[in-house]
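Work through the exercises below with the structure open. Try each task before you read its solution.

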Amino acid sequence: MTIVLEAYIREKREKKDILLMTHIVLGYPSMEASMEIVAQMVAAGVDLMELQIPFSEPMADGPVILKANQKALEAGVRVADCFKFAKEATKRFEIPFLFMTYTNILFKYGMEAFAGDMARAGIKGAIVPDLPPEEGDAYLNAMAEQGCHPVYIFSPTTTDERMELLSGKGSGLMYCMARKGVTGKETTFSHDLDTYLDRCKKATDLPLAVGFGVKDKEDVAYLKGKADIAVIGSQTIRIVNEQGIDAVGPFIRNLQ
Amino acid sequence: MDKRGYYGEFGGAFIPEILSATFDDLVAHFNGIKNDPLFWDSYVDLMSTYSCRATPLTYAENLTNHFGGAKIYIKREDLNHTGAHKANNVMGQGLLVKKMGKTRVIAETGAGQHGVATATMAAKFGFDCTIYMGEVDVKRQRPNVFWMEQMGATVIPVTDGTRILKDAINEAFRDWVTNMETTHYVLGTACGPHPFPEMVSYFQSIIGKEARKQILEREGKLPARVYACVGGGSNAMGIFSGFLPDAGVTCVGVEAAGRGLATGEHASRLCTDDASVGVAQGYKTFFLQDDDGQMKETHSIAAGLDYVGVSPILSQLHVEKKARFESATDEEVIAALKLTMQKEGIIPALESAHAFAGAFKEVGNLPPDQCIIINQSGRGDKDIFTVADAFDDPQWKAFIKEKAGDYRA
């Protein structure tokens, strides 16, 4: 079961130099709009998607995603709505979906119930940035039980030993933060990043997804040969904010 | 407590990967000073020359006579430099920052006392300093913003979320994950990821150590009860720590009941059933949150108590019934403040006035041969705008109008 996501990524990679993973905040600007954005992204060739369940204290997110979280919550989005959305999205679209959210959402739902409902909704795995493996026993057990992937994060400050630890605990893919800081800020794609990505590659056999500050065709092209997946997060939300939902499809097509 | 900083089921370190190495470094340095027999003396020396330690324990004779119960003593943390117990934690962390070789400090602040204390420490030790403060609190505590800026700190009003203390904490973390090589986050209360609850309590324990010695000197016996207000819980942890092992002493934490517990507009996490266990801002404790785990809006007349979470150490003391938690409404707090000013000529901060209000409800029922200690965590002159509004003081209003007229001219 744990090979599912990895196998999908390997297979896709045989046909494409780099895959695209995008990130949306569920319920921003509305649940209907979120579904429409997913449809456009899938039609434009996105290979995987992160669906963020909004949380009132999104500590690791920068201003763009933070505001999207707040707006979604103000509009009354509940965790149950996100599961309903997930069920529909996985039914309608072929690509794998991951949940991204914060520990408290899983904790209040109950780790086992959350992983169970996730599996039943057809979600392949989860990224929970404030749940390090040291605190993750219940989470890891529940995810394993349901055959869902716990996706861990490498950062430029992660030591080689810790990378191995994280790689051993995680499955599906490794999410590599391209830089320090929060989501949605500028990233310099440079030699330092190459050195870091080499370290990541040495530490894990899992496919590498690189995110944080990846925003245009140039950035995606830079990552070819260095990573398996480019993650576009805040930028698509910015596009929606500035140009509306219909601009999402063309934006994604232009990245590849 | 184990190495991850658990107190029963509470505490832990729910931190993003990017801060993992920073926390390892912080834990190592904190363990270093804890195990250094000379550190505590150097800390006490600093606090007795730069701040006003040992702070006095004042016998409140008039209040005692007024209530006719146990003798009331007040631990005067308001007499610290910058006017609150916050200085204890900040100067301790400042010494730690020097050891870590960092050059910049950041902090969140609610009432502004922690921000002012941090700005002071940064000026003294030569650190760059940025303070995050909810926009709502910037408006309530303008005098503190003024002083922070005068001491060279940059004050950034936080306009996201509920625009109060918890949002300032989130924003400080966002700064930290970008700048951790040069920057230490001086968390102001006994909350957040390990080692902060333990570390802040360690520096604040100077209050309890002094108070225990002082009351034994004065009364030859321990107090029946010790009262402290509880926002994040650092002043409570500070004074309680001196008395927790004593079975005869009841530690009473007083939370903010705001407009009344029944209205839902409060910040009481332990004395009500409104809060439940959750994980946010890097640690596990009781939070005021909904069924989905979204944090609720809180209210208190005191900016420093207006917080959704509470120290994991206090949560554990609550569960184990080793401390008792009560609450006081905005109205009761204003009445307690007024009485204390008129009877003793002492001006407690609105935060601290919660401890007074909690004590005043009970002290008359205790026999006169017993005594109690109220921790006056800070001084109230910073609250002049809020208090003047609460008192609806006509002369104050006239003065502000005249002053505004002068600025317009």
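Helices and strands here are DSSP runs, numbered from the N terminus; a helix has at least four residues and a strand at least two. The model is predicted.

**Exercise 1.** Repeat the analysis for Lys321(B): where is Lys321(B) found, and what is its phi?

Solution. Lys321(B) lies in the loop between helix 11 (312–319) and strand 13 (324–329) of chain B. Its phi is near 55°, again positive in a residue other than glycine. Now count neighbours. A residue with 12 or fewer is exposed. Lys321(B) has 7 other C-beta atoms within 10 Å, so Lys321(B) is exposed.

**Exercise 2.** Describe how helix 4 and helix 9 of chain B pack.

Solution. Take the geometry first. Helix 4 (residues 86–100) and helix 9 (residues 196–219) of chain B pack at an angle of about 130°, with axes 8 Å apart. An angle over 145 degrees would count as roughly antiparallel, and 65 to 115 as roughly perpendicular. Helix 4 of chain B is therefore oblique to helix 9 of chain B. The crossing of these two helices of chain B is right-handed.

Then list the residues. Helix 4 of chain B brings Asn88(B), Asn89(B) and Gly92(B). Helix 9 of chain B answers with Val200(B), Phe203(B), Gln204(B), Ile206(B) and Ile207(B). By class, this contact has four nonpolar, four polar and no charged residues.

**Exercise 3.** Find a cis peptide bond in chain A and one in chain B.

Solution. In chain A, look at Tyr28(A) and Pro29(A): a cis bond joins them, with omega about -5°. Pro29(A) is in the loop between strand 1 (19–25) and helix 2 of chain A. In chain B, go to the bond from Arg53(B) to Ala54(B), which is cis with omega near -5°. Ala54(B) is in the loop between helix 2 (39–49) and strand 3 (57–59) of chain B. Most peptide bonds are trans.

**Exercise 4.** Characterise the surroundings of Asp47(A).

Solution. Locate Asp47(A) in the loop between helix 2 (31–43) and strand 2 (48–52) of chain A. Count next: 21 C-beta neighbours lie inside 10 Å, so Asp47(A) counts as buried. Leave out residues up to four places away in sequence, and Asp47(A) touches Lys12(A), Leu19(A), Leu20(A), Met21(A) and Ile95(A).

**Exercise 5.** How many residues does each chain give to the contact between chains A and B?

Solution. Chain B gives 27 residues and chain A gives 32. On chain B, helix 1 (20–34), helix 8 (165–179) and strand 11 (276–280) each supply at least two. Helix 8 of chain B has the largest share, six residues. The classes on this side of chain B are ten nonpolar, ten polar and seven charged.

Definitions and conventions:
Residues are numbered from 1 along each chain as its sequence is written. Chains are lettered from A and ligands numbered from 1 in the order in which they are written. This is a predicted model: local features need pLDDT of at least 70, side-chain atom pairs count only at pLDDT 80 or more; totals for chains, interfaces and linings use all residues. Two residues are in contact if their C-beta atoms, placed from the backbone, lie within 7 Å. Ala, Val, Leu, Ile, Met, Phe, Trp, Tyr, Cys and Pro count as nonpolar, Asp, Glu, Lys and Arg as charged, and the others, Gly among them, as polar. A residue is buried if 20 or more other C-beta atoms lie within 10 Å of its own, exposed if 12 or fewer, and partly exposed in between; C-beta atoms are placed from the backbone. Axes are lines fitted to C-alpha atoms, for helices over the stretch in contact, and angles run from 0 to 180 degrees between N-to-C directions. Angles under 35 degrees count as roughly parallel, over 145 as roughly antiparallel, 65 to 115 as roughly perpendicular and the rest as oblique. A crossing is left-handed if the near helix is turned anticlockwise from the far one by less than a right angle, and right-handed if clockwise.
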